[in-house]
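Grab a pencil and let's work through a few exercises on charged side chains. Try each task yourself before you read the solution.

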Amino acid sequence: MIHFKEVDKSYFGLYDKVSMKVDVHSEYKVKRIDNGLGGFIFEEIQVEPYIKDLGIYDHAVEYENDFDITNWRFYMTFDGDVPVGAMTVAGRTEGLNMLSGRTDACVLWDIRVADAYKRKGIGQELFDMGIRGAKKERYHQMIIECQNNNVPACRFYQKQGAVLSKVDMYAYYLDPEVKDEIQFVWYLDI
């Protein structure tokens, strides 16, 4: 039986058991027109399929090492006792660069669904829970980051009504493993 609930940091060990893998079959190439002054063209191109494991970058058990998580909210999905989905919404956190000092916005820090449970509405329900929680906290916008090679996430955020507002071609330039990835930042009015 699938059930959803808000959790606290005592669940972080279970949270980290939910995989965060992306099956990459395509990515968005960004072409600048007139060096960017004429805009951008986004073209989805097929690539040699591979799996990107975002879980290597983010571990809930380490959140408190870097941030005051007092204003963070955590949501999980379980199939019986087995964790199959998780999401974190970060808000009002000093030093959280994505907030740029804003107190009226929150960040979708992380959303993940185990492979066998994808395309079953779990991500949507987690997202909806996070939005309801953000509204209760009186946030007016949710800021969401993803990369050009996570086409399913881009489509999902667009479907939610989020607007792609930042494209940073050099956000990951100093990390040789992902330096060619492009950062997309979406804003969702809530």
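**Exercise 1.** Work out whether E6 is buried, partly exposed or exposed in this predicted model.

*Solution.* Start with the number: E6 has a relative accessibility of 45%. Buried means under 20% and exposed means over 50%. With its 45%, E6 therefore counts as partly exposed.

**Exercise 2.** Find the salt-bridge partner of E6 and say which parts of the chain the pair ties together.

*Solution.* First, the partner: E6 forms a salt bridge with R73, and their closest N and O atoms are 3.9 Å apart.

**Exercise 3.** Now take E181 and K52: how far apart are N and O in their salt bridge, and are the two residues buried or exposed?

*Solution.* Their side chains meet with 2.5 Å from N to O. E181 belongs to the loop between strand 8 (163-168) and strand 9 (183-189), while K52 belongs to strand 3 (residues 40-53), so this pair ties together parts 129 residues apart in sequence. Then check accessibility: E181 has 12% and counts as buried, and K52 is buried as well, at 9%.

**Exercise 4.** How many salt bridges does a search of the whole structure find?

*Solution.* The search gives 10. Among them is D115 with K118, at 3.2 Å between the closest N and O atoms.

Note on methods:
Residues are numbered from 1 along each chain as its sequence is written. This is a predicted model: local features need pLDDT of at least 70, side-chain atom pairs count only at pLDDT 80 or more; totals for chains, interfaces and linings use all residues. Side-chain values use heavy atoms; hydrogens and water are left out. A salt bridge is a side-chain nitrogen of Lys or Arg within 4 Å of a carboxyl oxygen of Asp or Glu. Helices (H or I, at least four residues) and strands (E, at least two) are DSSP runs, numbered from the N terminus. Buried means under 20% relative accessible area, exposed over 50%, partly exposed in between (1.4 Å probe, protein chains only).
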